[in-house]
Amino acid sequence: MIAGLALLGFLAWSWWQSRLPGRYDVMSYGAVDDGGAQPIAHNHFGVESLTGPRGKPNYTVTLTAEKAPMRLASGQEVNAWTFNGSAPGPELRIRQGDFVQVTLVNKDIGDGVTIHWHGLDVPNAEDGVAGVTQNAVEPGGRYVYRFRAEQVGTFWYHTHQDASQGVKQGLFGALVIEPNAKTRGLDLALPVHTFAGHIAIGTHDDVQRRAVRAGTPVRLRLINTDSASARFLLSGMRPSVVAIDGAKIKPAPVPADEVIDIGAGGRYDIAFRMPGGVASVKVANSKAALVLSPDGSGNPPASPSGPVFDPAARTGVLRASVEPEFDRTFNLTISKKVGFLNGRPGRHWALNGKLYPRVPMFEVAKGDLVRINLDNDSSSVHPMHLHGHHFIVLTRDGKAVRPWSTDTLLMLPHERYSVAFRANNPGLWMLHCHNLKHAADGLTMHLMYAGVTTPYRAGKSAHNDPE
């Protein structure tokens, strides 16, 4: 009897402790981990001070978030959440070095909206995370983002307010930063998304055809905007992967029988010279495909899914390799644990054995060379995304790999990776699974620079719910 009452008391206490208040500071619950190094001196500064440049921008755009009906190429109608009346939102093509100003207007998205620049290492105040770097923009409101486009490559933008719902409904778009030197040929951004059960490339949930002259240089920017992995079948071409997550790599040829598997949030650039016949890209398990041919006709072959292109085996970073000495080393294990998540009993995602919000918070100092040992101790796929930085992948399952740069690392079940990055972008940054349903269910944490604070609060009463 006493044991039973004690158990009930413990369960009631655990339930109560798990409940999130209506307003809370995301930094108040996490257990600070300093990576085993010496304590860091704290000179306090707020994320609101870490803004983009001031002055006159040379690239300006207004993105209005609004509910609007849209029609896929098949005729399927979707009640979407859009930017400027379309989903995906407008493709943003920017030149390296441009001073960018984006004005976000919320017309009628009741839960609020932000814009996160996925893969861009912008100043922290421009990162677009509700309850962390800003307040969500409520209906009738607006917010201005300003940053310098210093990177070159394929990126995308999406809401980070109730992201698991907002991105699913259509609040996203492609973002490409081009080099100043003009390039020849055909350059296409291909965002893949599932609308109402229909997988589409852009709005094409069927075969899109395009006439391309033989010999034309072609670059296809594959962007996975879904919360599950996307598999791409390539045929009729001799493609090479030339960039991963916006970072240039030594061109890596893709054998004819291999497919490209991109985790949620990830991007691959493939390049090839247009052949004299039909070249196609098809999303596996769907009707969505892009067909290129000299006369604009043709169909993708019914090719079966083959072995998967392995970036660890073929790629190499073009710039200097990571130094061997690390200032801080962190360990992060993803698993499941029985307990309460915000009052809900069940078997939930856990980080180092802890349920959100009492998850680790990694503390670094500016200039640190940081290593994170990631262990996916689960039977699920987790594309782990770090805001504001790019990882260099060092090892997989304890074995050294040819390193590559990524901001969204696809971790298969029971895989282990060691990754590194330079802490050169002060602020408070999310590290989370980009299966946004997983993130909403607790697979999220933060990287903090010593001394950082945030004036923003998460929670339902605060109207800020980043996942």
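Reader: Where does proline 88 lie?

Author: Proline 88 lies in the loop between β4 (77-83) and β5. Keep in mind that this is a predicted model.

Reader: And how do you know what kind of peptide bond runs from alanine 87 to proline 88?

Author: Look at omega: the value there is near -5°, and the bond is cis. That's worth a comment, because most peptide bonds are trans.

Reader: What about the bond from tyrosine 356 to proline 357?

Author: The bond from tyrosine 356 to proline 357 is cis, with omega near 10°. Proline 357 is in the loop between β23 (344-351) and β24 (360-364).

Reader: What makes asparagine 352 stand out, although it is not a glycine?

Author: Its phi is positive, at about 50°. Most residues other than glycine have a negative phi. Asparagine 352 also lies in the loop between β23 and β24.

Reader: Why is asparagine 352 called partly exposed?

Author: Its relative accessible area is 33%. Buried would need under 20% and exposed over 50%, so asparagine 352 falls in between and counts as partly exposed.

Reader: What sort of phi does histidine 414 have?

Author: Histidine 414 has a positive phi of about 65°, and it isn't a glycine either. You'll find histidine 414 in the loop between β30 (408-411) and β31 (416-422).

Reader: How do you know whether threonine 114 is buried or exposed?

Author: Its relative accessibility is 0%. The limit for buried is under 20%, so threonine 114 counts as buried. Threonine 114 is in the loop between β6 (99-106) and β7 (116-118).

Reader: Which backbone oxygen does the side chain of threonine 114 reach, and why is that called a polar contact?

Author: The side chain reaches the backbone oxygen of glycine 128 at 2.7 Å. A polar contact needs N or O atoms within 3.5 Å, so this pair qualifies. The side chain of threonine 114 also reaches the backbone nitrogen of histidine 160, at 2.8 Å.

Reader: Which residues is threonine 114 in contact with, leaving aside neighbours within four places in sequence?

Author: Among them are Phe83, Leu104, Ala130, Tyr145 and His158.

Reader: Now the second largest pocket: how many residues line it?

Author: There are 29 lining residues, with Pro179, Thr183, Asp187, Arg219 and Arg221 nearest the centre. The elements giving two or more residues to this lining include β10 (172-178), β11 (186-195) and β14 (217-224). The volume of the second largest pocket is about 570 Å³.

Reader: What does the lining of the second largest pocket have by class?

Author: The lining has 14 nonpolar, five polar and ten charged residues.

Note on methods
Residues are numbered from 1 along each chain as its sequence is written. This is a predicted model: local features need pLDDT of at least 70, side-chain atom pairs count only at pLDDT 80 or more; totals for chains, interfaces and linings use all residues. Side-chain values use heavy atoms; hydrogens and water are left out. On a 1 Å grid over the protein atoms alone, a cavity is a set of points where a 1.4 Å probe fits but cannot get out, and a pocket is an open set with protein on both sides within 12 Å along at least five of seven lines; lining residues have an atom within 4 Å of a point. Grid points are joined across faces, edges and corners, and a volume is the space filled by probe spheres set on the points. Helices (H or I, at least four residues) and strands (E, at least two) are DSSP runs, numbered from the N terminus. Ala, Val, Leu, Ile, Met, Phe, Trp, Tyr, Cys and Pro count as nonpolar, Asp, Glu, Lys and Arg as charged, and the others, Gly among them, as polar. Buried means under 20% relative accessible area, exposed over 50%, partly exposed in between (1.4 Å probe, protein chains only). A polar contact is a pair of N or O atoms within 3.5 Å; within protein, one must be able to donate a hydrogen and the other to accept it, and residues adjacent in sequence count only if both atoms are side-chain atoms. Contact means heavy atoms within 4.5 Å.
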